[in-house]
Amino acid sequence: MKVKKIIFIIIAIAIVIAIGLAIGVGGKKNKSNAKYNVIASNFASYDFLRNIIGENKDIELTYLIGPGKDAHSYDPTVQDLIKIQDSDLFVYVGGEMEKWSDKVVDSLDTTGTEIICIADFVETMEEKEVDGAEELEHDHDYEDEEEHHEEVEEHHEEHEHEHEEGAFDEHIWTSPENAIKMVNALEKAMEKIDSENATKYKENADKYITQIKDVDSKIQNIVDNKVRDRLIFADKMPMQYFIDYYNLKVSAAFDGCSTETEPSAKTIAYLQNKVKEEKIPVILYIELNPGTVAKTIADETGAEAMQIQTLHNVSLDDFNKGETWVSLMTRNIDVLKKALQ
Ligand SMILES: [Zn+2]
């Protein structure tokens, strides 16, 4: 799989270079009518830029990964690579989640493109071990030994790779503090590519930051009046920055970046016990997941299964409705109230 991916990227880059030579080098080749093309890899950056840009018709903003998909399994297409090469501003997060990004940034001719790794603007942390989360080596039921060996080997390989590159928890957008830092960094980037509209960008950014602070204080108010402090995710848990920011505790079926969705019986039993022991009223599952496991645990324990928005991505439906970081985080207020109070 990995070799295939690398070959794909090399071929894609070769095609991009060939197209570049065919059209003739020199200047950006914007195909749209927009004056500037801006691309954001993940949803939070896209949403912040959308709010900073506001009504400005000179900017074409693209959400690269797109709604309704798992950000971890995205790989750029040839068209994506051409778009990135021709853009004026390209924003990515990097890390394990966007392994492709460094290769793309290093290999493309991006002269004239402002490139921002948004994780550089917040204080990142290493991925923490989540209470209850499954580890591949120990908890899996393998159909045959050979498959087991393969998976364990791959796991080790990834670990070495992570250490080399300095792995970090890339789900940075989940804390309001980081969200504000991201908005400020993206506003500066917009000023850089389009200084004429600097005042408007600053105004829009400040307006959005006020909204983020408002949701933050509503959630903080719930946390201040909590009767318990543990959230249970019968799912992946890509919200460690959020958990730390509000000083909460968490148990989950998987860590933030797992591609697994079916926890083992052992994990389900562990979470069920936790729910019973601490009389936890809500079992969480994240966006883009039907919540089957959460509902199973809820049925067993008398708790309620509820969806929490991690802003990792949005469903196509929510995207079409124009939901934002602020509107989706606002949806979490009721969920957190039930879970913590
Ligand atoms: Zn993730």
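The model is predicted. Its secondary structure comes to 13 helices and eight strands. Of the 341 residues, 38% count as buried.

**Overall contacts**
- Take the contacts in the chain with a separation of 6 or more: 70% of them join residues 24 or more positions apart.

**The four-stranded sheet**
- Four strands form an open sheet with parallel pairing, in the order E2-E1-E3-E4.
- E2 (59–63) and E4 (114–117) are the edge strands. Each has a single partner strand, so one side of each lacks a neighbour in the sheet.
- From one strand to the next, the twist averages 15°.
- E3 (residues 89–92) pairs with E4 in the parallel sense, over four bridges.
- Phe 90 has Ile 115 in E4 as its bridge partner.

**Helices on the sheet**
- H2 (residues 43–53) packs on the sheet and touches E1 (36–40), E2 and E3. The direction of H2 makes about 160° with that of E2.
- H7 also packs on the sheet, where it touches E1, E3 and E4. The direction of H7 makes about 175° with that of E4.

**The H7–H8 pair**
- The axes of H7 (residues 176–193) and H8 (residues 198–224) come within 10 Å and cross at roughly 175°. An angle over 145 degrees counts as roughly antiparallel, which means H7 is roughly antiparallel to H8.
- On the H7 side, the contact is made by Pro 176, Ala 179, Ile 180, Val 183, Asn 184, Glu 187, Met 190 and Glu 191.
- On the H8 side, the residues met include Ala 198, Tyr 201, Ala 205, Tyr 208, Ile 209, Ile 212 and Val 215. Lys 202 and Asp 216 of H8 also take part.
- By class, the H7 contact with H8 has twelve nonpolar, one polar and four charged residues.

**The nonpolar core**
- In soluble globular proteins, nonpolar side chains tend to be buried together.
- The largest nonpolar core here has 81 residues. Ala 234, Ile 283 and Leu 284 touch the most other members.
- H2 supplies the largest share of this core, with seven residues.
- Leaving out residues up to four places away in sequence, Ile 283 touches Ile 232, Ala 234, Val 275, Ala 294, Ile 297, Ala 298, Ala 303 and Ala 305.

Technical notes. Residues numbered from 1 in each chain as written. Predicted model: local features only at pLDDT ≥ 70, side-chain atom pairs only at ≥ 80, totals over all residues. Axes fitted to C-alpha atoms, helices over the stretch in contact; angles between N-to-C directions. Helix = DSSP H or I, 4+ residues; strand = E, 2+ residues; numbered from the N terminus. Parallel < 35°, antiparallel > 145°, perpendicular 65-115°, else oblique. Contact = placed C-beta atoms within 7 Å. Nonpolar A, V, L, I, M, F, W, Y, C, P; charged D, E, K, R; others polar. Buried ≥ 20, exposed ≤ 12 C-beta atoms within 10 Å, placed from the backbone. Pairing = 2+ DSSP bridges. Core = buried A, V, L, I, M, F, W, Y, C linked by C-beta atoms within 7 Å.
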